[in-house]
Amino acid sequence: MNKTMIGMLIISGALCIYAFLSGGIALVGEAFLIAGRTLFSIIPILIVAFLLAGLISTLISKDMASKWLGKEAGWKGPFFGAIMGSLVPGGPFFFYPLMATLLTSGANLGTMISFVASKSLWNVARLPIEIAFVGVELTLIRFLVTFGIPVLAGAGVNIFLPGYTDKVREDIRALQLQKTKGKKEGKHD
Amino acid sequence: MTNAFYTLTIMAVILFVVAYRKKKHIESIIEARRMLINVIPLLLLAFTIVGFIEVLVPKEALQNWLGAESGWRGLVIGPLIGALVQGGPFAFFPLFDSIFRDSVTIGTAVAMISAWGMINIGHLPYEFAFLGYRFVLIKYSIYITLPTLAGLLAQLLFG
């Protein structure tokens with residue numbers, strides 16, 4: 001049990017109480033039903049996504065990550081990060097852990113900021129759905145107007161906040177350590 | 001969801017072949033299993049929170065907040081709504097199509113779609129769990145104004 005999990009437990013507890021007060025037990029039940037349905041619907045994708053994450057984590061060497069996405073990549077880092085973000089499919093339960101893996105393997109913070117912006121703004125797999133429902137014209141305008149954001153935001157972070165890459169890496173290591181520790185303590189019980 | 005499943009499967013198969021050639025396939029599966037087991041408790045909590053957000057933020061109320069003649073307010077309220085609406089593209093885009101598309105300006109639409117992707121509050125549980133609070137602070141302090149600015153730009157250029 002780490003701080004993040006305790007925080008999330010407190011938030012779900014507070015939301016649960018709020019839902020109970022505004023809609024009674026039925027609304028609480030509905031929330032859990034949606035949560036359960038979401039979980040079951042993504043189980044297959046979850047298994048494949050983590051298999052892929054495991055493969056990426058063992059195949060991507062620190063050299064590769066720092067060459068393409070880290071300090072050595074220079075201004076090209078945010079650009080490669082954005083390209084990667086536009087191509088990687090999958091939901092937040094997949095790409096946030098992937099970002100953590102890439103960061104600890106040597107990717108820069110700004111590059112990951114580019115990655116996550118591009119995941120939502122340049123997403124290749126999502127464009128057909130957006131076009132289908134929103135229309136070609138509006139999708140094109142949306143794409144054009146937000147086109148520069150991923151690279152600019154990432155480059156901005158690399159230039160103005162260079163020290164934060166290491167700080168965020170420390171945070172990730174601390175989070176991962178807590179998880180492993182928690183597991184070990186669980187085993188002793 | 002189905003498209004993402006097939007794309008991920010194809011990518012996994014390709015990388016598995018690469019890993020097999022490097023004799024790293026067993027190691028990869030062990031690593032995958034370790035990662036998955038580590039995140040299961042977090043995922044259960046994250047899905048619970050997403051479920052509550054979904055029942056507590058009613059879709060009809062969202063439409064009322066925005067109204068038809070919101071003007072510049074749309075550039076602020078639009079992204080707020082985009083950030084609050086949960087679900088993947090198959091949930092958001094049909095919702096946008098049915099409720100908002102015909103009643104909002106181009107600027108509001110661009111701001112809303114951008115905010116749904118960039119500052120979605122449903123991502124916060126995952127971001128805190130995997131990347132830590134400093135990443136969340138940096139990301140949101142940079143991203144918070146961008147959807148509104150993008151909407152403004154779209155309105156000025158194409159409105």
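This is a predicted model: local features need pLDDT of at least 70, side-chain atom pairs count only at pLDDT 80 or more; totals for chains, interfaces and linings use all residues.
## Starting with one arginine

## Other salt bridges

Searching the whole structure turns up five salt bridges over all chains. One of them joins A:Glu130 and A:Arg142, at 3.0 Å from N to O. A:Glu130 is in helix α6 of chain A and A:Arg142 is in helix α7 of chain A, so this pair ties together parts that are 12 residues apart in sequence. A:Glu130 and A:Arg142 are each buried.

Then there's the pair between chains. Across the interface of chain A and chain B, the rule finds one salt bridge: A:Asp171 with B:Arg134, where the closest N and O atoms are 2.8 Å apart.

## Where the chains meet

Chain A brings 79 residues to the contact and chain B brings 75 residues. Between them the two chains bury about 7,100 Å², with 84% of that on carbon and sulfur atoms. On the chain A side, A:Met8, A:Tyr96 and A:Phe133 lose the most area to chain B, and together they make up 10% of what that side buries.

As for polar contacts, the rule finds six residue pairs across this interface, counting pairs with both residues at pLDDT 80 or more. Elements giving two or more residues to the chain A side include α1, α4 (92–105), α5 (109–121) and α9 (164–188) of chain A. The largest share of that side comes from α1(A), with 36 residues.

## A greasy spot on the outside

Chain A also has a nonpolar patch on the surface, formed by A:Ile17, A:Phe20, A:Leu21 and A:Ile25, with about 480 Å² of accessible area together. Take A:Ile25 as an example: its place is in helix α1 of chain A (residues 3–59). A:Ile25 has 66% relative accessibility, so it counts as exposed.

Terms used. Residues are numbered from 1 along each chain as its sequence is written. Chains are lettered from A and ligands numbered from 1 in the order in which they are written. Side-chain values use heavy atoms; hydrogens and water are left out. Patches are made of residues with over 30% relative accessible area and no salt bridge: like charges are joined within 9 Å, nonpolar side chains (Val, Leu, Ile, Met, Phe, Trp, Tyr) within 5 Å. Accessible areas come from the Shrake-Rupley method with a 1.4 Å probe; for residues, only the protein chains shown count as cover. A salt bridge is a side-chain nitrogen of Lys or Arg within 4 Å of a carboxyl oxygen of Asp or Glu. Helices (H or I, at least four residues) and strands (E, at least two) are DSSP runs, numbered from the N terminus. Buried means under 20% relative accessible area, exposed over 50%, partly exposed in between (1.4 Å probe, protein chains only). Contact means heavy atoms within 4.5 Å. Buried area is the accessible area (1.4 Å probe) that two parts lose on being put together, summed over both. A polar contact is a pair of N or O atoms within 3.5 Å; within protein, one must be able to donate a hydrogen and the other to accept it, and residues adjacent in sequence count only if both atoms are side-chain atoms.
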